[in-house]
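Please walk me through this protein model in plain words. I would like to see how its side chains are placed and which of them pair up.

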Amino acid sequence: MSADSVLRMLLASLTFVLTAGLYAFFYAFGRLKGSFFWELFSFVFALMMMLSGFFLVSCPAFTLFWKFLLIFSIFSYLIIPKAMLWVVKKIHQREEEGRLKTLK
């Protein structure tokens, strides 16, 4: 493996992690603000995350186990922001219901 290919893998890894975080941030920001634009903007980062993730999967340096793990993480990162936002909303909904019960 040449130094050039290692550098490309490192850049793809950095891009994968960075764009996954930006996707989660802008998705949550758009949902909390109620802005379709920010939610749509987050999918740009999701696409970049998927592209860099599939670039990593195509690297011959990884074994089959790591390739499956990368594919699993790509789809997990797509689901995690939506799932966590759902969990947070449910927690706040239960807290609000509990607060209303104590006021009655």
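Isoleucine 79 sits in helix H3. Helices here are DSSP runs (H or I, at least four residues), numbered from the N terminus. This is a predicted model, where local features need pLDDT of at least 70 and side-chain atom pairs count only at pLDDT 80 or more, while totals for chains, interfaces and linings use all residues. Residues are numbered from 1 along each chain as its sequence is written, and side-chain values use heavy atoms, with hydrogens and water left out.

Is isoleucine 79 buried or exposed? Isoleucine 79 is exposed, because its relative accessible area is 54%. The cut-offs are simple: buried means under 20% relative accessible area, exposed means over 50%, and partly exposed lies in between (1.4 Å probe, protein chains only). Alanine 24 is 55 residues away from isoleucine 79 along the chain, yet their C-alpha atoms are separated by 9.5 Å.

Tryptophan 66 lies in helix H3, which covers residues 64–103. Tryptophan 66 has 44% relative accessibility, so it counts as partly exposed. Its C-alpha atom and that of leucine 56, 10 residues apart along the chain, are separated by 9.7 Å. Valine 44 belongs to helix H2. With 41% relative accessibility, valine 44 is partly exposed.

**The surface patch**

Helix H3 also holds valine 87. The relative accessible area of valine 87 is 32%, so this residue is partly exposed.

**The core**

Now look inside. The largest nonpolar core has 17 residues, and Phe16, Tyr23, Met49, Leu56 and Leu78 touch the most other members. Helix H1 (3–33), helix H2 (36–58) and H3 each supply at least two residues of this core. H1 gives the largest share, 7 residues. A nonpolar core is a set of buried Ala, Val, Leu, Ile, Met, Phe, Trp, Tyr and Cys residues joined through side-chain atoms within 4.5 Å.

What does phenylalanine 16 contact, beyond its neighbours within four places in sequence? The partners are Met49, Ser52, Gly53, Leu56, Ser73, Ile74 and Tyr77. Contact means heavy atoms within 4.5 Å.

**Aromatic pairs**

How many aromatic pairs does the structure hold? There are 15. Rings of Phe, Tyr and Trp (its six-membered ring) pair if their centres lie within 6.5 Å; planes under 30 degrees apart count as stacked, over 60 as edge-to-face and the rest as tilted. Tyrosine 23 and tyrosine 27 form a tilted pair, 6.1 Å centre to centre, with 40° between the planes. Both lie in helix H1, 4 residues apart, about one turn of the helix. Tyrosine 23 is buried, at 1% relative accessible area. Tyrosine 27 is buried too, at 4%.

Phenylalanine 29 and tryptophan 38 make an edge-to-face pair, because their ring centres are 5.6 Å apart and their planes stand at 75°. Phenylalanine 29 is partly exposed, with 29% relative accessible area. Tryptophan 38 is partly exposed at 30%. Ring pairs also build a cluster of Phe25, Phe26, Phe29, Phe37, Trp38, Phe41 and Phe45.

**Salt bridges**

Side chains of opposite charge can pair when their charged atoms come close. In a salt bridge, a side-chain nitrogen of Lys or Arg lies within 4 Å of a carboxyl oxygen of Asp or Glu. By this rule there are 2 salt bridges.

| Salt bridge | N to O distance |
|---|---|
| Arginine 8 and aspartate 4 | 2.5 Å |
| Glutamate 96 and arginine 99 | 3.3 Å |

Arginine 8 and aspartate 4 are 4 residues apart in helix H1, so about one helical turn separates them. Glutamate 96 and arginine 99 are 3 residues apart in helix H3, so they too are separated by about one helical turn. Arginine 8 is partly exposed at 46% relative accessibility, and aspartate 4 is partly exposed at 42%.
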